[in-house]
Amino acid sequence: MKADNKGKSIGKKAAALLITACLLVSGFCITPVMKTEAKTSLVICIDPGHGGSNEGAMYNGLMEKDLTLQIANAMYQELSLYDGVTVVMTRTADVDLSLEQRAQLAAEAGADFLYSIHLNASPSHNLFGSEVWVSGYGNHYAKGMSFGNIALEQLASDVGVYPRGVKTKLRAGGSGDYYGVINNARLLGVTAAIIEHCHMDEAHDNDFYRREGALERLGKADATAVAKYYGLSSAALGVDYSSYQYVQYPNAGTPKMQDMTDPEVSQIELVSHDKSEGRVLLRVKAKDAQSRIIYYSYSADGGLTWSGLYGWMPVGEAYIELALPDDSTGEICVRVHNEYDRFTESNHIFVS
């Protein structure tokens, strides 16, 4: 894996890995007036994130609230082609909805699962990839984790988005799920997950939401993940996932708190140094007992400046090749970053 070819390296490895209810809004009175026909009791609620005055992230002249609606519409259209499922949406227009309203709509529709559709951005503007947030409680955790891993795998294989993990986050003191739509849905007996499809503020992810047909591909990947999770079939699409096998997580006996610790191990050793080409080959060991290592970055000046992030695919250790910049001091160190964006810096080695 070459650290000087970020887009190519991450894209290849990510790919190798791994509506509706038309809503009339008047105050708190929200009435679904359109939905798909269904032969069974399975009900899926799709929630396009943000809307109205809540615009979400804004980059490259685009607003998240508009993109989430387009992804949700594509998800709805695809999922509607499966047999025996009712599909509803929390909004089909650019309207304001509170998190409580979104959860209430799902509960009133008898939803088995609420999928909240989002795109991402980070304060540091250097994160990339997709992630799924789920409840940390009971069977909501089990369902969320089981679905979330299917969703990330589908986004990686169908679209090429790098997987950042399926995660939980609780409020301070463990008084509920941190994210309002997940917590409100759980309190109403509905399992919910937030699908963060990619980062709008990181160049590597641009094609996943900006190129022609990109949003439709994201929505279709979401629909396929739902179909696989529930073992659905579609005569119209000619697919049958009734025998699809996936990892089923157990219920959370106690609430699953987010990882609040740094990775335990970040260790490097020099394998080779090509002075003429300015390249260094390192063996890197990394370990985190609570969450997966997903990125690494490096410094060639003893930690004064750092590279961008690169995808970390192996488990345990990897060989990485670094192209040393012209202003390198020869003091090299590596940071490994986990799913919760916590990092640990390695030992320093010196090349001349």
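1. Arg164 has a relative accessibility of 2% and therefore counts as buried (buried means under 20% relative accessible area, exposed over 50% and partly exposed in between, with a 1.4 Å probe and protein chains only). Glu131 is also buried, because its relative accessibility is 5%. These two residues form a salt bridge, with the closest N and O atoms 2.9 Å apart. For a salt bridge, a side-chain nitrogen of Lys or Arg must be within 4 Å of a carboxyl oxygen of Asp or Glu. Arg164 lies in strand 9 (residues 163-168) and Glu131 in strand 8 (residues 130-134), so the bridge ties together parts that are 33 residues apart in sequence. Helices (H or I, at least four residues) and strands (E, at least two) are DSSP runs, numbered from the N terminus.

2. A word on the ground rules: this is a predicted model, in which local features need pLDDT of at least 70 and side-chain atom pairs count only at pLDDT 80 or more, while totals for chains, interfaces and linings use all residues. Residues are numbered from 1 along each chain as its sequence is written, and side-chain values use heavy atoms, with hydrogens and water left out.

3. Back to Glu131: its side chain also meets that of Lys167 in a salt bridge (2.5 Å, N to O). Glu131 is in strand 8 and Lys167 in strand 9, so this pair ties together parts 36 residues apart in sequence. Lys167 is buried, as is Glu131.

4. The structure holds 12 salt bridges. Please also look at the one between the side chains of Asp47 and Arg102 (2.7 Å, N to O). This pair links distant parts of the chain, with Asp47 in strand 3 (residues 43-48) and Arg102 in helix 3 (residues 99-108), 55 residues apart. Both partners, Asp47 and Arg102, are buried.

5. An open sheet is formed by 6 strands in the order 6-3-7-10-8-9, with mixed pairing (two strands pair if DSSP finds at least two bridges between them). Strand 6 (86-89) and strand 9 are the edge strands, each pairing on one side only. From one strand to the next, the twist averages 20 degrees; axes are lines fitted to C-alpha atoms, for helices over the stretch in contact, and angles run from 0 to 180 degrees between N-to-C directions. Strand 7 (residues 113-120) and strand 10 (residues 191-199) run parallel and are joined by 7 bridges. Tyr115 stands opposite Ala193 in strand 10.

6. Tyr115 also belongs to an aromatic cluster, together with Phe113, Phe147, Tyr229, Tyr230, Tyr241, Tyr244 and Tyr246. Across the whole structure, a search finds 18 aromatic pairs. Rings of Phe, Tyr and Trp (its six-membered ring) pair if their centres lie within 6.5 Å; planes under 30 degrees apart count as stacked, over 60 as edge-to-face and the rest as tilted.

7. How are the rings of Trp133 and Tyr340 arranged, edge-to-face or stacked? Their centres are 6.2 Å apart and their planes at 75 degrees, so the pair is edge-to-face. Trp133 lies in strand 8 and Tyr340 in the loop between strand 18 (331-338) and strand 19 (343-345), so the pair ties together parts that are 207 residues apart in sequence. Trp133 counts as buried because its relative accessibility is 9%.

8. Lys169 lies over the face of Tyr178, at 4.0 Å from the ring centre, and the charged end of Arg186 sits over the ring of Tyr137, 4.1 Å from its centre. The cut-offs here are NZ of Lys or CZ of Arg within 6 Å of the ring centre and within 35 degrees of the ring normal.

9. Strand 14 (residues 279-287) contains Leu282, which is buried with a relative accessible area of 0%. Not counting residues up to four places away in sequence, Leu282 touches residues including Ile268, Leu270, Ile320 and Ile349 (contact means heavy atoms within 4.5 Å).

10. Lys285 is also placed in strand 14, but this residue is partly exposed, with a relative accessible area of 31%. Lys285 and Glu317 are 32 residues apart in sequence and 4.2 Å apart in space, C-alpha to C-alpha. Neighbours within four places in sequence aside, Lys285 is in contact with Val265, Ser266, Gln267, Gly316 and Glu317.
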